[in-house]
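Please open the model in a viewer and follow the stops below in order.

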Amino acid sequence: MVAEMTAVTVEAQDLETREVNRAIKRSIADGAKEIHVLHPAGRHSFAVALRADDVKVVFEGPTGWYTAGMNFGPHVVIEGNTGWGVGECMMGGRIEVLGHAGSGTAASIRGGLVYVQGDTGARAGIAMKGGALVVGGDSGYMTGFMMQRGTIVICGDAADGIGDSMYEGTIYVGGSIASRGADAEIEEVTDEDRVLLKQMLGDVGIDENVDGFTKIVSGRKLWNFSTKEPELWKSAL
Amino acid sequence: MTESDERHEGLFTLRESPVWPRHVIEEIQLKSQLGRYHIQGFSMHRRGVPTLDDLTFVPCTLSRVPLEGYREKCQTRTVLGTRFAENPVVLDRPITIAGMSYGALSANAKTALGRAAKRAGISTTTGDGGMCGEEREEVDLMVYQVLPSRYGFNPDHMKLAQAVEVVVGQGAKPGTGGLLLGAKVSETIAEQRTLPVGVDQRSPVRHPDFIGPDDLQLKIEEIREATDWKVPVYVKMGASRTADDVKLAVKAGADVLVIDGMEGGTGASPDVLLDHTGIPTLSALSEAMRALDDMKAIGEVQVVISGGIKNGVDAAKALALGADAVSIGTAALIALNCNAPLYEEDYAKLGVQPGFCHHCHTSRCPVGITTQDPELMKRLQVDEAADRVFNFLQSMTMEMQMMARACGKNDVHDLEAEDMRALSLEASLITGIPLAGTDFTLRPEDIAAAVAARISGANGQGH
């Protein structure tokens with residue numbers, strides 16, 4: 001009988017990305033519950049397409065593009081900044097970035113939570129199909145572009161074009177909004193929203209007054225073409 | 001008779017203006033009602049683009065020895081994805097079923113395609129909207145597409161696939177995303193794509209997590225890590241600046257290039273994109289092969305060509321030009337029954353007749369292929385439809401073998417450009433194949449070589 005492994009360390013410095021990922025998968029298969037990857041050095045495609053519950057993978061340093069993309073279940077922590085597409089197409093699980101994240105953060109996720117302690121680049125939460133994205137800092141251009149479902153919370157400021165062409169879903173912004181995108185409308189924040197915000201922020205360790213948040217939803221005018229909205233459609237297409 | 005009366009005398013034959021023919025008048029009047037571009041399905045309507053029909057085979061006579069046309073063996077086995085993947089895709093014949101979405105197509109249509117593909121030993125491809133479970137159950141070889149929309153994308157499904165295809169674009173509308181109008185976004189399709197029911201879904205064209213060719217390289221690496229480097233990664237592109245695009249995709253690490261010419265079909269597209277964007281399949285393949293040759297990557301990276309491939313002769317010509325396989329979409333749908341003379345009253349309701357229908361976007365497909373209407377869908381009997389597609393694939397294969405044997409080849413992949421002649425100056429210029437009746441081409445490099453040889457000869461005579 002194999003003894004249960006609880007914590008494993010993978011030294012990435014002298015390993016190819018492929019070897020690091022195989023070491024992570026092997027450790028999970030062997031029963032590891034916590035895997036620490038040392039010296040990730042900003043390299044790409046670490047811990048992608050993992051399918052495992054109750055497993056924590058910690059990158060002790062910055063990672064490159066697509067970290068923890070396409071995952072289903074694991075809890076991934078990046079102790080530093082990360083590149084584009086962190087958590088892209090995640091089905092479920094939890095990702096915490098203890099720094100800033102590049103563009104396309106949480107792109108097209110269908111479930112789970114992506115939390116970025118710092119700022120995100122352009123198009124955070126693009127095409128989100130479920131799940132949640134919480135940004136502790138500011139978010140870049142066109143956050144929530146073509147969002148389909150799920151929730152985005154930006155504690156800081158949002159750059160131009162937030163919520164452009166979103167189908168459904170909800171975006172909350174704590175700071176200023178440079179401009180809203182096509183068909184992104186402001187809706188009144190309800191008590192229910194405030195409870196949800198408190199709970200979502202509390203989950204990532206943020207204790208913040210949520211009274212000043214703005215709520216953005218789809219105006220649904222782009223769902224079906226109409227000759228009555230020529231300006232909207234001219235700019236949308 | 002006054003000057004203003006002269007057109008009322010009945011003296012003139014009705015003449016259509018070449019500037020304002022009836023279809024242009026109808027189009028303007030339609031747009032004056034719609035307030036937007038005109039959307040249609042099926043394929044382009046413009047005439048006059050160079051095609052594979054502009055080439056002919058020059059089989060064996062005395063200078064070459066043919067194989068026995070109906071008897072001697074002629075191999076069709078095809079391997080795709082030999083560059084980096086641990087498990088390349090092995091096809092029984094050089095044909096694949098192109099990516100067509102579950103949503104654009106009915107579940108019955110996808111299922112029938114899967115069943116036919118399995119019998120023929122070839123692959124099918126998912127499409128925008130994720131995997132159709134019924135199709136997956138039928139087919140052994142499935143190519144899983146990673147599209148800009150990521151509708152229905154599921155990494156578990158991707159890991160089950162025999163290849164992954166990153167879609168950069170499609171021939172019907174390169175540079176523009178997919179389109180699925182509200183009539184086809186049924187509850188099932190909406191759930192699969194995480195969209196509101198009935199929404200006019202205009203897909204993005206840019207991927208959510210990468211933009212340019214350098215990014216594509218990283219994306220391909222990620223897919224390889226996700227699939228443990230086991231399956232090939234294809235890159236599909238609409239034919240546009242094909243030479244440059246091919247080089248960039250090869251550099252980005254693609255195993256297989258899927259090039260889709262402007263004749264490529266679609267379930268829905270603005271007609272202006274169908275008719276006025278991209279380059280023809282013949283041109284795209286010729287450009288692609290020259291670009292691969294420049295990179296010394298012929299044989300290392302395989303090429304699948306699509307866009308208007310309508311029979312085994314087209315496929316044989318494509319192979320002779322250097323493609324490793326062809327991909328068929330519209331032809332497979334026609335084999336299913338698209339535009340068949342059935343339920344003619346329902347064609348009439350769409351304002352068309354069998355043979356003219358391009359109303360895939362309406363979900364009112366009279367023969368149950370491009371519809372999400374449960375009643376219309378029932379009109380496509382899966383068993384019979386799969387038989388028809390299989391028979392068509394068999395016919396394509398036999399036609400390919402026929403051309404190869406006539407050219408003295410015991411493997412369809414041994415067909416080469418030298419086995420053909422061009423029937424038009426355009427085709428000759430595009431392909432570098434001599435115009436029938438000549439032994440030269442007019443491509444700049446060939447002219448330069450001929451002039452150099454002539455000068456060299458003249459100089460030689462002078463001495």
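## A salt bridge within chain A

Begin by selecting Arg94(A) and Glu96(A): the two form a salt bridge, with the closest N and O atoms 3.2 Å apart. The model is a predicted one. Colour Glu96(A) by accessibility; its relative value is 16%, so the residue counts as buried.

## From chain A to chain B

Next, display both chains and select the residues in contact. On chain A there are 39 of them, facing 42 residues of chain B. The area buried between chain A and chain B is about 3,500 Å², and carbon and sulfur atoms contribute 57% of that area. Across this interface, 17 residue pairs are in polar contact, both residues being at pLDDT 80 or more. Now highlight helix H1 of chain A, residues 17–29: with five residues, this helix supplies the largest share of the side of chain A that touches chain B. That side of chain A is made up of 18 nonpolar, 11 polar and 10 charged residues.

Four salt bridges are counted between chain A and chain B. For one of them, select Arg51(A) and Asp156(B), whose closest N and O atoms are 2.6 Å apart. Arg51(A) sits in the loop between strands E2 (34–38) and E3 (56–60) of chain A, whereas Asp156(B) belongs to helix H4 (residues 155–160) of chain B, so this pair joins two chains.

## Chain B as a whole

Chain B contains 16 helices and 16 strands. Its C-alpha trace spans about 85 × 80 × 50 Å along the principal axes. Among contacts in chain B between residues at least 6 apart in sequence, 65% join residues at least 24 apart.

## Charged pairs in chain B

Select Glu86(B) and Lys230(B), whose side chains meet in a salt bridge at 3.8 Å, N to O. Glu86(B) lies in the loop between strands E3 (78–80) and E4 (89–91), and Lys230(B) in the loop between helix H6 (213–226) and strand E11 (233–238), so the pair ties together parts of chain B that are 144 residues apart in sequence. Glu86(B) counts as partly exposed at 46% relative accessibility, and Lys230(B) likewise counts as partly exposed, at 32%.

Over all chains, the count comes to 38 salt bridges.

Key: Residues are numbered from 1 along each chain as its sequence is written. Chains are lettered from A and ligands numbered from 1 in the order in which they are written. This is a predicted model: local features need pLDDT of at least 70, side-chain atom pairs count only at pLDDT 80 or more; totals for chains, interfaces and linings use all residues. Side-chain values use heavy atoms; hydrogens and water are left out. Contact means heavy atoms within 4.5 Å. Buried area is the accessible area (1.4 Å probe) that two parts lose on being put together, summed over both. A polar contact is a pair of N or O atoms within 3.5 Å; within protein, one must be able to donate a hydrogen and the other to accept it, and residues adjacent in sequence count only if both atoms are side-chain atoms. Helices (H or I, at least four residues) and strands (E, at least two) are DSSP runs, numbered from the N terminus. Ala, Val, Leu, Ile, Met, Phe, Trp, Tyr, Cys and Pro count as nonpolar, Asp, Glu, Lys and Arg as charged, and the others, Gly among them, as polar. Buried means under 20% relative accessible area, exposed over 50%, partly exposed in between (1.4 Å probe, protein chains only).
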